[in-house]
Amino acid sequence: MKKMIAILLVAAMCLGLAACSSSTAGTTTAETTTATTAAADTTATTAASSTNSSSAYPLPENTTGKVFKIGLSNAYMGNDWRQIMCSVAEWTAAQEPFASNVEFNIVQSDNSAEAQIAAIESMIDAGYDAILIDPSSTSALTSVIKEAQDAGIVVVVFDQGVDYEDVYKISTDYILRAQIGAEYIVQMLGDKGGNVIMDQGLEGASQGTEEYNAAKAVFEAAGNINIVATYQSQYEQGSTYTGVSTALTAADTIDAVWTQGPMTGVIQAFTDAGKDVPVIVGGGYGVYNGDALHMLDGSYNGLVWLSGMPGMSAIAIYEAYCILCGQTDGFEKNNIINDLYLCSNNSDTVSALEGVTINPITEGTNCWRDQADSFGWPVVPTDFCLQPTIADIFSK
């Protein structure tokens, strides 16, 4: 689900290079000396960007008189999500209050635990105040995380998890996402209920199994939903098309498809079989824009979601900054963020679920003809204190 065509990879890379030359935010590799510009010299702010005064992310005042040295350790750049994640981090560090109070760098390393450990050890030796980690391993980084903590460094882990519990973590609520998708189908089918096909995700992926079980529990509780077939999307359109094409023969009528990602493959499978497209739930980075446009153009009933936003890196910067400023109230070790964005052609029928607003699918607002099918927006939660524009992240 984290694939991207070349144009967005290039755009994200260009932004990273631009940020290095004009702001505190810099990117370096573990094999080279970290280079930064003075925090006070940065002026990279765009007029179209906005500051959100939402109480969900209040911006603290730095009364320490210190410019904090914050670094992000990243061990992989091979997909669009990581490219965008780094670009969002650089943009965030170039905005106030971070621009005047933070010296920020991204330290890249090879995609191995050994290389990332070596990079983090170098960051410890370099005297960072906080290290943000998108980890390459769930277990191998525990010792180096403890080493950083013993040195008085604030450590925030995001995106991928680690087995070590005594560290600040940021993750998305994928269980809630799965449940909301199932609840949407239950509401759309109403008292009559119906036959549903379910996506089991990626073989061997524990998260996919957890999401499947969470959604299945909602269907079972409804009492009028029949799960007639399952398939594995592998989080991509081709496997979705093949799996659904086989699964839709399980019953004469299929009323809904709950997928953990791609929706366009579902639409194509039903269309090619000469069947009406049912209610569909799905989405995610790597397929979002194409799916939303297909749903809009076909006026299909369904729910398109985004979560697991690349802007987790921005939240990690925010969290580390707050802790360094002495503002630790409200920060739990395991911070499960509300980054779920929903849109639908049926927002007038089902306008919200579990407190999450369902937005109407609208061209130019949450889907775009001039963007790739894999494009996804927003990249930060809508209640985050800083709101970039598309141009901030994908244009020079």
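A salt bridge here is a side-chain nitrogen of Lys or Arg within 4 Å of a carboxyl oxygen of Asp or Glu. Keep in mind that this is a predicted model, where local features need pLDDT of at least 70 and side-chain atom pairs count only at pLDDT 80 or more, while totals for chains, interfaces and linings use all residues. Residues are numbered from 1 along each chain as its sequence is written, and side-chain values use heavy atoms, leaving out hydrogens and water.

Q: Why do the side chains of Arg-82 and Asp-134 count as a salt bridge?
A: Their N to O distance is 3.2 Å, and the cut-off is within 4 Å, so the pair qualifies.

Q: What parts does the pair of Arg-82 and Asp-134 tie together?
A: Arg-82 lies in helix α2 (residues 80-93) and Asp-134 in strand β5, so the link joins parts 52 residues apart in sequence. Helices (H or I, at least four residues) and strands (E, at least two) are DSSP runs, numbered from the N terminus.

Q: Are Arg-82 and Asp-134 buried or exposed?
A: Both Arg-82 and Asp-134 are buried; that label means under 20% relative accessible area, with exposed being over 50% and partly exposed in between (1.4 Å probe, protein chains only).

Q: What makes Lys-66 and Asp-129 a salt bridge?
A: The closest N and O atoms of Lys-66 and Asp-129 are 2.6 Å apart, so they pass the salt-bridge test. Lys-66 sits in the loop between β2 (50-51) and β3 (68-74), and Asp-129 in the loop between α4 (113-125) and β5 (130-134), so parts 63 residues apart in sequence get tied together.

Q: Why is Lys-66 called partly exposed, and why is Asp-129 called buried?
A: Lys-66 has 40% relative accessibility, so it falls in the partly exposed range. Asp-129 has 14%, so it goes under the buried cut-off.
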